[in-house]
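Dear colleague,

I am passing on a structure that will be new to you, and below it I have set out what was found. Please read the notes with the structure open beside you.

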Amino acid sequence: MIFQQHRSFLWILVVLPLLVSANLFAASATDDATALVQRTAEKILKTLEARRAEVERKPALIYGMVEDIVAPHFDFERITQGALGQAWRQASPDQQRQLVTGFKQVLIRTYARSLLSYSGEEIRYLPSKPGGRSGTVTVSTEVQQSGTAPITVDYRMHNGSGAWRVYDVVISDASLVSNYRNSFANEIRQSGIDGLISKLNEMNQQGRD
């Protein structure tokens with residue numbers, strides 16, 4: 001089933017840094033990115049822990065937390081465009097809008113529900129480095145797990161309109177965008193772009209509490 005194979009992939013994301021606001025993340029100060037990501041991650045996770053009892057009573061609250069804190073720092077249009085690949089250009093402007101909206105909600109809901117699984121895994125923050133293109137940076141982390149090798153995670157970010165936003169996450173050399181591209185391509189081959197839109201909407205309806 002579409003997206004099912006991505007649950008473990010997205011679970012890893014919930015123990016990773018949640019991103020900083022643009023006014024704290026200077027474009028020229030890539031050396032400061034790791035410290036900023038770390039401080040933000042610690043603040044968000046402490047906030048979640050402080051509200052855990054409240055969220056356990058009403059799990060839907062966590063959707064709003066992710067929407068408010070995390071979503072503004074992801075470029076969902078670019079993420080969706082990357083996941084669609086060549087099919088993005090085949091979609092009408094209205095279809096593109098629906099794809100971005102639907103995929104954003106799938107990621108937010110999956111991320112939010114999985115966030116409750118965080119149980120104190122240690123995160124090592126590595127020095128950030130410039131990305132492969134102008135105006136991009138990669139923020140690297142390692143998730144330490146007992147008895148196993150650490151999981152390497154890279155946030156690929158770009159600076160557009162004065163704000164840093166994530167356009168891909170690479171976990172142990174596996175790209176989130178590329179991972180979804182395979183599922184999207186299969187769905188489009190079977191049901192077309194409208195079929196993918198319907199599938200995204202179906203997943204979001206199933207995720208409602």
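**What was found**

Strand 5 (residues 163-171) and strand 6 (residues 174-175) run antiparallel and are joined by two bridges. Before going further, please keep in mind that this is a predicted model. Within that pairing, Val170 stands opposite Ser175 of strand 6, and the hairpin that the two strands form has two residues between them, with Ser172 taking a positive phi near 45°. Strand 5 is also mostly covered, since seven of its nine residues are buried.

Of the 209 residues in the chain, 50% are buried. When contacts between residues at least 6 apart in sequence are considered, 60% of them join residues at least 24 apart.

Much of what follows concerns helix 5. In this helix, Phe76, Ile79, Thr80, Gly82, Ala83 and Leu84 are buried, and what covers the buried residues of helix 5 includes helix 6 (87-90), helix 7, strand 5 and helix 8. Just after the end of helix 5, Gly85 takes a positive phi of about 65°.

The axes of helix 5 (residues 76-84) and helix 7 (residues 93-115) come within 9 Å and cross at roughly 100°, which makes helix 5 roughly perpendicular to helix 7. On the side of helix 5, the residues that take part are Phe76, Glu77, Ile79, Thr80, Ala83 and Leu84, and they meet Leu99, Val100, Phe103, Lys104, Leu107 and Ile108 in helix 7. Sorted by class, the residues of this contact between helix 5 and helix 7 comprise nine nonpolar, one polar and two charged.

Helix 5 also packs against helix 8 (residues 176-206), at an angle of about 75° and with the axes 7 Å apart; these two helices are therefore roughly perpendicular to each other. Ile79, Gly82, Ala83 and Leu84 of helix 5 make this contact with Val177, Tyr180, Arg181, Phe184, Ile188 and Leu196 of helix 8. By class, the contact of helix 5 with helix 8 has eight nonpolar residues, one polar residue and one charged residue.

With a relative accessibility of 43%, Pro72 counts as partly exposed. Although Pro72 and Arg165 are 93 residues apart in sequence, their C-alpha atoms are 7.9 Å apart in space, and, when residues up to four places away in sequence are not counted, Pro72 touches Glu67 and Arg165.

One further residue may be worth a look, namely Ser140, which is found in strand 3 (residues 136-144). Is Ser140 buried or exposed? Ser140 counts as buried, because its relative accessibility is 4% and buried means under 20%. The side chain of Ser140 is joined to that of Asp154 by a polar contact of 2.8 Å. Leaving aside neighbours within four places in sequence, Ser140 is in contact with Tyr125, Leu126, Lys129 and Val153, as well as with Asp154.

With best regards

Key:
Residues numbered from 1 in each chain as written. Predicted model: local features only at pLDDT ≥ 70, side-chain atom pairs only at ≥ 80, totals over all residues. Heavy atoms only, no water. Axes fitted to C-alpha atoms, helices over the stretch in contact; angles between N-to-C directions. Helix = DSSP H or I, 4+ residues; strand = E, 2+ residues; numbered from the N terminus. Parallel < 35°, antiparallel > 145°, perpendicular 65-115°, else oblique. Contact = heavy atoms within 4.5 Å. Nonpolar A, V, L, I, M, F, W, Y, C, P; charged D, E, K, R; others polar. Buried < 20%, exposed > 50% of the residue type's maximum accessible area, 1.4 Å probe, protein only. Polar contact = N/O pair within 3.5 Å; in protein donor to acceptor, adjacent residues only side chain to side chain. Pairing = 2+ DSSP bridges.
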